[in-house]
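Colleague: This one is new to me. Please take me through it, starting wherever you like.

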Amino acid sequence: DQYTANKLGSKKERTLAMIKPDAVTKVGDIIQMIYDAGLIVTKAKMTKLSWKQAGDFYMEHQSKSFFNNLVQFVTSGPVVVMELMGDEAVSVWRKVLGPTDSGAARKDAPASLRARFGTDGTKNAGHGSDSLASAARELELFFPSTTGHGPSNTAQYSYCTCC
Ligand code: IDP
């Protein structure tokens, strides 16, 4: 199965997925979508972001007009953060998410996560790292490499070496 393949097979990408506050009640459906896409969940936790954590997470958007709304939204309730692993995990997960704007997603990718569970351009149900470098940075924010399973988050490609 996929779990055994990942354990025994070639080295895989890892990415950071976040289920945003508007979709936390849909976590069951979302985890099903992750496995249906051939990825596995290797770390997960529910947490509530502080304003500072959210600002650090979205630091590349600090100058954007939507920054305050975005931080307000992602701190408005709990989020579920996950490390996903699999072949081309970064791009596969972003494909599952669909377009940034949930309205556009409903038009262009009706089976996507944002089409199914998102509301609009800000409240869009989920986040996925946009590159391996972003994934390494974002995984380190939520799953510091000094804790938990597996190798250092600074490795671009890796798989859990202890389980
Ligand atoms: P992504 O999440 O699809 O990678 P980014 O451009 O990195 O999109 O934007 C980060 C988040 O900021 C989006 O997921 C969305 O919640 C919010 N956002 C992006 N663009 C807009 C916008 O034009 N208006 C309002 N919110 C936006």
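**Val41 and its surroundings**

Colleague: Which residues does Val41 touch, not counting those up to four places away in sequence?

Modeller: Val41 touches Ile31, Ile34, Met82 and Leu84. Two residues are in contact if their C-beta atoms, placed from the backbone, lie within 7 Å.

Colleague: What sort of model is this?

Modeller: It is a predicted model, where local features need pLDDT of at least 70, side-chain atom pairs count only at pLDDT 80 or more, and totals for chains, interfaces and linings use all residues. Residues are numbered from 1 along each chain as its sequence is written.

Colleague: Back to Val41. Which strand is it in?

Modeller: Val41 lies in strand S2, residues 40-47. Helices (H or I, at least four residues) and strands (E, at least two) are DSSP runs, numbered from the N terminus.

Colleague: And how does Val41 count, as buried, exposed or something in between?

Modeller: Val41 has 13 C-beta neighbours inside 10 Å, so it counts as partly exposed. A residue is buried if 20 or more other C-beta atoms lie within 10 Å of its own, exposed if 12 or fewer, and partly exposed in between, with C-beta atoms placed from the backbone.

Colleague: Zooming out, how many helices and strands does the chain have?

Modeller: The chain has eight helices and four strands. Their order from the N terminus is α-β-α-β-α-α-β-α-α-α-β-α. The chain has 163 residues, of which 36% count as buried. For contacts between residues at least 6 apart in sequence, 64% join residues at least 24 apart.

Colleague: Why is strand S1 largely enclosed?

Modeller: S1 covers residues 13-19, and seven of its seven residues are buried, so the rest of the structure largely encloses it. Glu13, Thr15, Ala17 and Ile19 point one way, while Arg14, Leu16 and Met18 point the other way.

Colleague: Which strand does S1 share seven bridges with?

Modeller: That is strand S3, residues 79-86, and the two run antiparallel. Met18 stands opposite Val81 there. S1 also has three bridges to strand S4, residues 126-128, again antiparallel. In that case Ala17 stands opposite Gly128. Two strands pair if DSSP finds at least two bridges between them.

Colleague: New topic. Which residues surround the ligand?

Modeller: They are His61, Phe66, Leu70, Thr100, Gly121, Thr122, Asn124, His127 and Asp130. A residue is near a molecule or strand if its C-beta atom, placed from the backbone, lies within 6 Å of it. By class, the shell has two nonpolar, six polar and one charged residues. Ala, Val, Leu, Ile, Met, Phe, Trp, Tyr, Cys and Pro count as nonpolar, Asp, Glu, Lys and Arg as charged, and the others, Gly among them, as polar.

Colleague: Where does UniProt place the feature "binding site"?

Modeller: The UniProt record, an unreviewed entry, places it at Lys20, Phe66, Arg94, Thr100, Arg114 and Asn124. UniProt positions are given in the numbering used here, feature names are shortened, and annotations may be inferred rather than shown by experiment.

Colleague: Start with Lys20. Where is it found?

Modeller: Lys20 is in the loop between S1 and H2. Lys20 has 24 C-beta neighbours inside 10 Å, so it counts as buried. Leaving aside neighbours within four places in sequence, Lys20 is in contact with Val74, Val79, Ala125, Gly126 and His127.

Colleague: And where is Asn124?

Modeller: Asn124 is in the loop between H7 and S4. It counts as buried because 27 C-beta neighbours lie inside 10 Å. Apart from neighbours within four places in sequence, its contacts are Thr100, Asp101, Ser102, Arg114 and Gly118.

Colleague: Last one. Which residues of H8 are buried?

Modeller: Ala135, Ala136, Glu138, Leu139 and Phe142 are. The buried residues of H8 pack against S1, helix H3 (51-57), S3 and H5.
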